[in-house]
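Biologist: Can we go through the ligand site together? Put the model up first.

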Amino acid sequence: MKIAPSILTADFCELGKTIDMLSQSSAEIIHIDVMDGVFVPNISIGFPVIKSIRSRTQKALDVHLMIVEPERYIDRVAEMGVEYISVHIEACKAIPETLGKIRAAGIRAGLVLNPETPVESVFPYIYLCDFVLLMSVHPGFGGQKFIPETLNKIRSLRGEADRQSLKLDIEVDGGINLTNAAALREAGATILVAGNTVLSSPTPFETINALRQ
Ligand code: DX5
Ligand code: ZN
């Protein structure tokens, strides 16, 4: 199980300190939420901030693109030297080409599903993915409540990946806390994103370790 703290709810005046803290923690991945104000009703951060984060940490960077036409920006994100890029299945018009482009750059490629998108919609593409990201809140904001139906989607996706003999990472994003982390792991998740739970913790190192166990 890998833990991927999200920086979405950080104080961006203090972002360097947050990145340094996460660099020193046991977290394997730093999750970066990019929003365009069109695909989701919020606007977060973009290229200059990803560039600064890249120069500050050796941790793997996971860029979650909540934007329309994500295929237009794969080259730009790939050039920044990140380790994971995911695009929404609802937003991407050229899914095999986009995943192929990410992988050709030596980056792990993922498709993301919104809570209301049936998990079966990703089945034809999972052989092209290194990971699938299941949203367990409606995308756009940190600090929302976990949608429990996500557990069934994880089980179903894990079953399908096994049927296709694929070693797929299943990442879950939104509302993850110390109460639901164990159930997510048991259902078959392998990467947990946690924003608010880590950043609002008085003891984030311990919280990251506790999420993993
Ligand atoms: C929501 C983002 C999440 C968010 C999770 O649109 O994709 O990555 O930061 O935050 P929490 O863990 O606070 O729900
Ligand atoms: Zn995210």
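Modeller: An oxygen atom of ligand 1 lies 2.8 Å from a polar backbone atom of glycine 143, a polar contact being a pair of N or O atoms within 3.5 Å. This is a predicted model, where local features need pLDDT of at least 70, side-chain atom pairs count only at pLDDT 80 or more, and totals for chains, interfaces and linings use all residues. Residues are numbered from 1 along each chain as its sequence is written, chains are lettered from A and ligands numbered from 1 in the order in which they are written, and side-chain values use heavy atoms, with hydrogens and water left out.

Biologist: What does glycine 195 do with an oxygen atom of ligand 1?

Modeller: A backbone N or O atom of glycine 195 is 2.7 Å from an oxygen atom of ligand 1. For glycine 140, a polar backbone atom is 2.6 Å from an oxygen atom of the ligand.

Biologist: How much of the accessible area of ligand 1 does the protein cover?

Modeller: The protein covers 99% of the 380 Å² that ligand 1 has on its own, by the Shrake-Rupley method with a 1.4 Å probe.

Biologist: How many residues surround ligand 1?

Modeller: There are 19 (a heavy atom within 4 Å), and the closest are Ser6, Gly140, Gly143, Asp173 and Gly195.

Biologist: Which classes are in that shell around ligand 1?

Modeller: The shell has seven nonpolar, 10 polar and two charged residues, with Gly counted as polar.

Terms used
A polar contact is a pair of N or O atoms within 3.5 Å; within protein, one must be able to donate a hydrogen and the other to accept it, and residues adjacent in sequence count only if both atoms are side-chain atoms.
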